[in-house]
Every structure is written in C-alpha cells, then in structure tokens.
Amino acid sequence: MIALDVGTIIWAAGLVIGWSGFLFGILRVMLGRMIADMDRRLDRIESQADEIARIDEEFARLRAELPTAYQRREDAVREYTTLVARIDAVGGRLEQTVRRDDYIRDVSVLHAKIDALVGRIDRLMEERHG
C-alpha cells in the first residue's frame with residue numbers, strides 16, 4: 001500500500017481546496033457576467049415594452065380614427081355607382097324636359113301658323129263679302 005504522510009495529505013487537500021477555490025472564483029465571475037447581461041436584457045425588454053405600449057396606443061387611436069378618415073374600396077365603388085345612377089336619372093329628366101319643350105315649341109309654332117291662316121281666311125272672307 002501507499003504510505004501517505006500528513007504532508008502529502010495536506011498538500012493534496014490544499015491542491016483540492018485551491019482548485020475548488022479557483023473554479024468557484026471562475027464560476028462567480030461567470031455568474032456575475034450572466035446576471036449583468038440579464039439585467040441589461042431586462043432593461044432593454046422594459047424599454048421595448050414602453051415602445052410597444054406607445055405603438056399599441058397609436059394603433060388603437062388609428063383604429064378609432066379609421067371609420068371617419070378612410071373609406072373602404074367597396075364603399076367607394078358603391079357610392080360612385082349610386083352617384084352615376086343619380087346623374088343618369090337627372091340626365092333622363094333633363095332629356096324629357098327638352099323633349100317636352102321641343103313639343104311645346106312645335107305645338108306653339110303650329111298654333112301660330114293656324115292663327116295666321118285663320119286670320120288670312122277671315123280677311124279673305126271679309127274681302128269677298130265685303
């Protein structure tokens with residue numbers, strides 16, 4: 001068997017304790033860096049959360065404003081179709097009015113010609129009887 005004396009045991013124990021201390025120190029530094037990195041990430045996440053809250057508020061404002069400020073394509077097409085139909089109806093009424101005016105004018109001209117003819121006939125009748 002191997003004879004271990006007290007000096008070797010103390011030396012081995014010192015080596016184990018020293019190595020453990022070294023590893024513990026490295027572990028402590030690494031954990032410190034990880035915690036610092038996590039703190040930076042949490043700060044960045046909190047600032048992003050503020051930005052997300054601001055964007056969410058702006059989006060809610062835009063959604064509330066949307067019906068009054070913007071028009072959907074289908075609504076615009078329906079409105080355009082309605083306006084075109086109304087303009088066509090007004091055009092049809094105007095055309096009927098023009099036709100009616102033309103008819104009245106034609107009838108008036110015809111009445112004027114008949115009145116002139118009746119006037120001539122009356123004069124001719126007076127000349128023959130007179």
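Mentor: In this predicted model, the secondary structure of the chain consists of two helices and zero strands.

Trainee: What makes the chain more spread out than a compact globule?

Mentor: Its radius of gyration is 53 Å, whereas the globule rule gives 14 Å for 130 residues; the value is well over the rule, so the chain is more spread out than a compact globule. The C-alpha trace spans about 180 × 30 × 10 Å along its principal axes.

Trainee: How many of the residues count as buried, as a percentage?

Mentor: Buried means under 20% relative accessible area, and 0% of the 130 residues of the chain count as buried. The chain exposes about 12600 Å², of which carbon and sulfur atoms supply 63%.

Trainee: Why is W19 called exposed?

Mentor: The term exposed requires a relative accessible area over 50%. W19 has 52%, so W19 is exposed. This residue is found in helix α1, which covers residues 6–69.

Trainee: Which residues form a nonpolar patch with W19?

Mentor: The patch on the surface is formed by W19, F22, L23, I26 and M30, and together they have about 510 Å² of accessible area.

Trainee: Why is E65 called partly exposed?

Mentor: Partly exposed lies between the limits of under 20% for buried and over 50% for exposed. E65 has 29% relative accessibility, so E65 counts as partly exposed. R61, with a relative accessible area of 46%, is partly exposed as well.

Trainee: What makes D75 and R78 a salt bridge?

Mentor: The side chains of D75 and R78 meet at 3.0 Å, N to O, and the cut-off is within 4 Å. Both residues lie in helix α2 (residues 73–129), three residues apart, about one turn of the helix. D75 is partly exposed at 25% relative accessibility, whereas R78 is exposed with a relative accessible area of 53%.

Trainee: How do you know that R99 forms a salt bridge with E95?

Mentor: The closest N and O atoms of R99 and E95 are 2.5 Å apart, and the requirement is again within 4 Å. R99 and E95 both lie in helix α2, four residues apart. R99 counts as exposed at 54% relative accessibility, while E95 is partly exposed at 43%.

Trainee: How many salt bridges does the count come to?

Mentor: By this rule there are eight salt bridges.

Trainee: Which residues gather in a patch of negative charge?

Mentor: D39, D43, E46 and D50 gather in such a patch on the surface. One of them, D43, lies in helix α1. Over the chain there are 20 positive and 23 negative side chains, and the centres of the two sets lie 4 Å apart.

Key
Residues numbered from 1 in each chain as written. Predicted model: local features only at pLDDT ≥ 70, side-chain atom pairs only at ≥ 80, totals over all residues. Heavy atoms only, no water. Rg over C-alpha atoms; globule rule 2.2 N^0.38 Å. Buried < 20%, exposed > 50% of the residue type's maximum accessible area, 1.4 Å probe, protein only. Areas by Shrake-Rupley, 256 points an atom, 1.4 Å probe, with all protein chains shown as cover. Lys, Arg positive; Asp, Glu negative; His and termini not counted. Charge placed at Lys NZ, Arg CZ, Asp CG, Glu CD. Patch = residues over 30% accessible without salt bridge, like charges linked within 9 Å, V, L, I, M, F, W, Y side chains within 5 Å.
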